[in-house]
Amino acid sequence: MSPFAGSARSTGAWQHIRVTREDGVATVTLARPEKLNALTFESYADLRDLLAELSRERSVRALVLAGEGRGFCSGGDVEEIIGVTLGMDTAQLLDFNRMTGQVVRAIRECPFPVIAAVHGVAAGAGAVLALAADFRVADPSARFAFLFTRVGLSGGDMGAAYLLPRVIGLGHATRVLMLGDPVRAPEAERLGLISELAEEGRADERAAALARRLADGPALAHAQTKALLTAELDMPLAAAVEMDAATQALLMNSADYAEFHAAFTEKRPPQWQGK
């Protein structure tokens, strides 16, 4: 995402999600525990807009996405979204579905790693938000359920049919998206859906530790690695290798690359600047 902004100022307070920042790490918490953090039109829009703002500001070097209470996120609110969409026309429905997809794109395209800290249920849109993250740190209680076919919709919602086969393979993704059965933590780890299986009750802690490690590292290298992982998914090898070469040539002119050499020579840890 471009760092250039127009007239709009940064948002002072977010009403539908909880956002905290500490030394380069942002923590975004879905905070409707009484509804298992079910998403609303407004929380989708806040996530979309927050990620765009953080991408422009370039002050965040890692982000943790978490859920308050008994679970990560139960998906779209049955009454506040599903009930309302029944009364929408096609143009309105297209606007809504495009917005949910914009959230996933924002997670994939933001120039910093995103870590989903998952405990309890991650269902429907909640499962896709976790899927879109760069890392998924999960509690043993975690269960992922792509429930879209269970409500009469395509399992390929919000980019799930694009992302999930690339994470767990086409065969497993077909089963998971077609049937909508929950994938519990042990199976999710076996399939590669989980990046790290934390001890019980420690997913948030482990996700925060990973975010700190990433934020303290070479931010520019992380940003470019993430960009290449996304961009090269659909490239032929020749194009991917050429993009890698161009990226490395640019990074070899960076202050961080020179800093590594200086730190190695002086036998000290590198002081990464992210530029």
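Colleague: In this predicted model, is Asp234 buried or exposed?
Modeller: The model is predicted, so every value here is computed from it. Exposed means over 50% relative accessible area. Asp234 has a relative accessible area of 51%, so Asp234 is exposed.

Colleague: Which side chain meets Asp234 in a salt bridge?
Modeller: Asp234 sits in the loop between α9 (219–231) and α10 (237–251), and its partner lies in helix α5, so the pair ties together parts that are 68 residues apart in sequence. The N to O distance is 2.7 Å, and the partner is Arg166.

Colleague: Are Asp77 and Arg32 buried or exposed?
Modeller: Their side chains meet in a salt bridge of 3.2 Å, N to O. Asp77 lies in the loop between β3 and α2 (78–85) and Arg32 in the loop between β2 (25–30) and α1, so the pair ties together parts that are 45 residues apart in sequence. Buried means under 20% relative accessible area. Both Asp77 and Arg32 are buried.

Colleague: Which element gives the most to the lining of the largest cavity?
Modeller: The largest cavity holds about 60 Å³ of space. Two or more lining residues come from each of α1 (41–57), β3 (62–67) and α3 (90–109). The lining has 10 nonpolar residues, with no polar and no charged ones. With three residues, the element that gives the most is α1.

Colleague: What is the area of the nonpolar surface patch made by Val78, Ile82, Val151 and Leu153?
Modeller: Leu153 lies in the loop between β7 (143–145) and α5 (160–168). Leu153 is exposed, with a relative accessible area of 52%. The patch that includes Leu153 covers about 360 Å².

Definitions and conventions
Residues are numbered from 1 along each chain as its sequence is written. This is a predicted model: local features need pLDDT of at least 70, side-chain atom pairs count only at pLDDT 80 or more; totals for chains, interfaces and linings use all residues. Side-chain values use heavy atoms; hydrogens and water are left out. Patches are made of residues with over 30% relative accessible area and no salt bridge: like charges are joined within 9 Å, nonpolar side chains (Val, Leu, Ile, Met, Phe, Trp, Tyr) within 5 Å. Accessible areas come from the Shrake-Rupley method with a 1.4 Å probe; for residues, only the protein chains shown count as cover. A salt bridge is a side-chain nitrogen of Lys or Arg within 4 Å of a carboxyl oxygen of Asp or Glu. Helices (H or I, at least four residues) and strands (E, at least two) are DSSP runs, numbered from the N terminus. Buried means under 20% relative accessible area, exposed over 50%, partly exposed in between (1.4 Å probe, protein chains only). On a 1 Å grid over the protein atoms alone, a cavity is a set of points where a 1.4 Å probe fits but cannot get out, and a pocket is an open set with protein on both sides within 12 Å along at least five of seven lines; lining residues have an atom within 4 Å of a point. Grid points are joined across faces, edges and corners, and a volume is the space filled by probe spheres set on the points. Ala, Val, Leu, Ile, Met, Phe, Trp, Tyr, Cys and Pro count as nonpolar, Asp, Glu, Lys and Arg as charged, and the others, Gly among them, as polar.
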